[in-house]
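Reader: I am new to this structure and would like to be guided through it with questions and answers. Could we begin once it is in view?

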Amino acid sequence: HNATSADPRHLLGSGHVMAMRRMERMSLCRFPRLLSAFGSAFQASNHSSQKANVLLLRGIQRHHARHYRSSWKPLFGRPLTDASIIASNEGYLIETLGFPEDKLKNPRTRKQLTKEIGVLEERVNWLKQRLKLEENEIKKIILSNICILGFVSEDNIEPKLDYLQQKLQLDDKLLRKIIMTNPSILNYSTEDNLEPKLNWLQQRLDLEDMVVGKMIQRTPRILAYSIPDKMEPTLHWLQKRLDLDDEAVSKMIQRLPSFLSYSIPDNMEPKLHSLQQRLDLDGTAVSKLIRQLPSILGYSIPDKIDPTLDWLQKRLDLDDAEVSNIIQRLPKILSYSIPNKMEPTLHWLQQRLSLTDDGLSNLMQRYPSLFCCSIDTNLEPTLNFYIEALGDEDEALSLVIKNPTLFGYSLERRLKPRLEEARDAGLFIDAGCLRRIGQYAEKGWHMSLDYQARKLSRQKGFEGKAPIPI
């Protein structure tokens with residue numbers, strides 16, 4: 001041989017060298033099978049197979065190629081075997097994408113391994129660039145949906161992404177979020193799946209493009225559901241079961257798109273029945289409850305709903321009717337954590353307001369929305385506001401216990417500005433004034449402020465007059 005023939009890069013195409021570089025990094029347990037696969041390509045050449053294999057081994061050990069092409073050139077006049085192509089693609093998936101070896105046996109994965117060498121990497125790089133994905137993100141997508149690599153990027157995936165962005169009015173960030181949440185969207189046909197479903201949702205629920213886009217962002221798996229077998233029957237059942245018109249069911253789905261994923265016989269119907277029985281609700285009452293808090297149907301009965309109701313009943317010593325009344329007034333209670341939200345709130349109220357157990361129960365029944373209030377940003381600073389305004393803590397405590405709704409008003413937007421207005425008008429700040437400051441609507445407050453100011457003016461005028469002689 002001449003001098004250059006000793007260099008495997010002279011004998012092998014650049015794609016072959018790249019494959020050798022991957023194989024060199026692969027584990028020793030896989031190396032004999034790879035070497036055997038490549039060695040079969042040398043058997044019919046003019047060189048002895050032993051010498052060719054030695055040459056190949058030296059090339060694997062010593063050289064790394066910088067580039068490879070997606071199309072392979074024949075080696076000594078013969079194409080590489082299927083085994084060598086599969087071995088190279090396996091190496092790419094394992095080493096570059098962190099693909100688990102046990103998943104390589106999956107039929108869907110095996111199908112992708114027969115792609116021409118370089119095709120998989122080319123498609124991965126294209127998708128990564130198109131969606132501006134990080135390394136961990138592209139790995140997650142491919143691991144969850146290897147079938148994506150079966151599509152020609154520019155001919156199949158690009159038009160699909162363009163359609164979703166335009167139809168749903170998505171920027172690149174939102175598009176990436178949807179694909180990351182449900183990569184299987186890239187498997188769907190635009191004409192046979194995406195477009196018909198989005199058009200149906202838009203017409204069925206009377207939605208604008210942007211609203212449909214927000215729904216898909218929150219629950220991308222909607223696009224996987226059949227219209228006649230899943231989505232339409234679900235909407236029809238909701239309307240009939242909860243006595244909803246088209247507008248009401250549309251609002252409900254907009255608030256909780258995952259409704260469309262729930263099973264009627266296994267999820268929604270059993271939960272509605274349980275709520276009706278436990279809280280003694282008629283059809284109208286249960287419908288109102290679900291419209292106020294649609295997410296109730298996503299909660300587990302044994303793990304969430306029943307334990308919350310049991311705790312509430314025991315903690316506040318309530319009978320069934322009292323529990324039902326509280327939940328109907330504030331369904332959101334069922335979404336709160338007992339140890340992280342409700343128990344700390346009750347403990348603070350009882351300690352800070354010096355309440356007995358009966359007093360606490362009475363307070364919460366009169367104003368269940370106290371469960372919604374934050375101790376640090378609402379209850380504590382609001383109570384301090386009333387104490388400072390009155391200059392008497394006991395009087396302030398008595399005020400809020402008798403009028404617990406006074407905790408529900410904004411300090412910055414209502415209480416503080418109105419207190420300043422009252423002081424500027426020269427009004428005496430007592431419990432009655434603070435009740436008006438908190439409870440009156442804007443128009444009522446200004447009418448009251450004007451009346452109190454005129455009354456004060458008349459009193460001052462009367463006090464300034466000289467006594468009338470008898």
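Author: Buried means under 20% relative accessible area, exposed over 50%, and partly exposed in between, with a 1.4 Å probe and protein chains only. This is a predicted model, in which local features need pLDDT of at least 70, side-chain atom pairs count only at pLDDT 80 or more, and totals for chains, interfaces and linings use all residues. Residues are numbered from 1 along each chain as its sequence is written, and side-chain values use heavy atoms, with hydrogens and water left out.

Reader: How many helices and how many strands does the chain have?

Author: Helices (H or I, at least four residues) and strands (E, at least two) are DSSP runs, numbered from the N terminus. Counted in this way, the chain has zero strands and 25 helices.

Reader: Is Lys128, which meets Glu135 in a salt bridge, buried or exposed, or does Lys128 fall in between?

Author: A salt bridge is a side-chain nitrogen of Lys or Arg within 4 Å of a carboxyl oxygen of Asp or Glu, and the side chains of Lys128 and Glu135 meet in one at 2.2 Å, N to O. Glu135 has a relative accessible area of 40% and is therefore partly exposed. With a relative accessible area of 23%, Lys128 is likewise partly exposed.

Reader: Where do Asp450 and Arg454 lie, and how many residues apart are they?

Author: The side chains of Asp450 and Arg454 meet in a salt bridge, 3.0 Å from N to O. Asp450 is partly exposed at 40% relative accessible area, and Arg454 is partly exposed at 41%. Both lie in helix H25 (residues 442-464), where about one helical turn separates them because they are four residues apart.

Reader: Why is the pair of Phe259 and Tyr262 given the name that it has?

Author: Rings of Phe, Tyr and Trp (its six-membered ring) pair if their centres lie within 6.5 Å, and planes under 30 degrees apart count as stacked, over 60 as edge-to-face and the rest as tilted. The structure holds two aromatic pairs. In the pair of Phe259 and Tyr262, the centres are 5.8 Å apart and the planes stand at 75°, so the pair is edge-to-face.
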